[in-house]
Amino acid sequence: MGLRRPRANLSRLHALSLPNMLTYGRIAAVPMVAACLFVGGDTLRWAAFAIFAIAAITDFLDGYLARAWQQQSPLGRMLDSIADKLLVAACLLMLAANNTISGWSIWAAMVILCREVLVSGLREFLAELRASVPVTQLAKYKTTTQLIAIGFLLAGPAGDKVLPGNTQIGIGLLWVAALLTLYTGYDYLRAGLRHVLEDPSE
């Protein structure tokens with residue numbers, strides 16, 4: 001009984017740690033960005049961009065601070081992945097809904113969303129096997145390209161007034177991210193299948 005309280009206190013401290021608070025903030029940013037895009041207008045486009053940019057920065061900071069301060073926890077790892085996927089999925093869906101992403105570019109968004117579902121499923125399955133698939137450097141480049149692309153697209157027509165071709169730059173980067181997504185998604189699938197097809201008698 002004496003050991004339970006310190007563990008409970010430690011879990012509570014981890015739940016309220018700054019890295020986790022940053023992750024909570026990133027989750028809270030999802031409906032805020034969606035609401036700005038839903039209402040529309042140049043001012044709210046810039047507001048959506050600003051909120052997204054801050055959220056993207058916290059994506060780097062929470063992991064860095066958790067490692068630097070030795071505040072890593074299962075809760076933080078779980079919520080970090082969820083926050084990233086929620087933010088990306090919500091932005092892509094809203095950008096498609098207001099026709100910032102349209103035509104053939106919808107396929108680029110679909111590839112990115114499908115890959116997120118694939119990787120989430122694989123990680124859940126591999127967790128049961130006590131196995132993991134490490135994040136590659138190329139996957140990090142994909143994430144960075146994807147976030148930059150979404151940033152350009154969030155500014156959209158409002159950004160075009162400041163930087164001509166802003167939306168097209170975002171679309172181009174979205175396709176680059178989609179191509180990187182296909183490659184890294186295949187890497188994850190191949191690594192996952194190795195575990196699936198392993199002979200349990202070995």
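These notebook entries record what I looked up in a predicted model.

**Basis.** I number residues from 1 along each chain as its sequence is written, and I use heavy atoms for side-chain values, leaving out hydrogens and water. As the model is predicted, local features need pLDDT of at least 70 and side-chain atom pairs count only at pLDDT 80 or more, whereas totals for chains, interfaces and linings use all residues.

**Confidence.** I began with pLDDT, the predictor's confidence in each residue, from 0 to 100. The chain has a mean of 82, and 76% of its residues reach 70 or more. Residues 1-5 have pLDDT below 50 and, beyond near neighbours in sequence, zero contacts in the model. Contact here means heavy atoms within 4.5 Å. Helices are DSSP runs (H or I, at least four residues), numbered from the N terminus.

**Core.** I next looked up the largest nonpolar core, which has 29 residues. Such a core is a set of buried Ala, Val, Leu, Ile, Met, Phe, Trp, Tyr and Cys residues joined through side-chain atoms within 4.5 Å. Buried means under 20% relative accessible area, exposed over 50%, and partly exposed in between (1.4 Å probe, protein chains only). Helices H2 to H7 each give two or more residues to this core, and H4 gives the most, with seven. Val 33 is among the residues with the most contacts inside the core; not counting residues up to four places away in sequence, Val 33 touches Ala 48, Ile 51, Phe 52, Cys 91 and Leu 154.

**Salt bridges.** I counted five salt bridges in the whole structure, each a side-chain nitrogen of Lys or Arg within 4 Å of a carboxyl oxygen of Asp or Glu. In one, Asp 84 meets Arg 26 at 3.1 Å, N to O. Asp 84 lies in helix H4 and Arg 26 in helix H2, so this pair ties together parts 58 residues apart in sequence. Arg 26 is buried, at 1% relative accessible area, while Asp 84 is partly exposed, at 22%.

I then turned to Glu 116, which is buried at 11%. The closest N and O atoms lie 3.4 Å apart in its salt bridge with Lys 142; Lys 142 is in helix H6 and Glu 116 in helix H5, 26 residues apart. Lys 142 is buried too, at 2%. Glu 116 also forms a salt bridge with Arg 115, at 3.9 Å. I noted that Lys 85, Arg 115, Glu 116 and Lys 142 are linked in a network of salt bridges.
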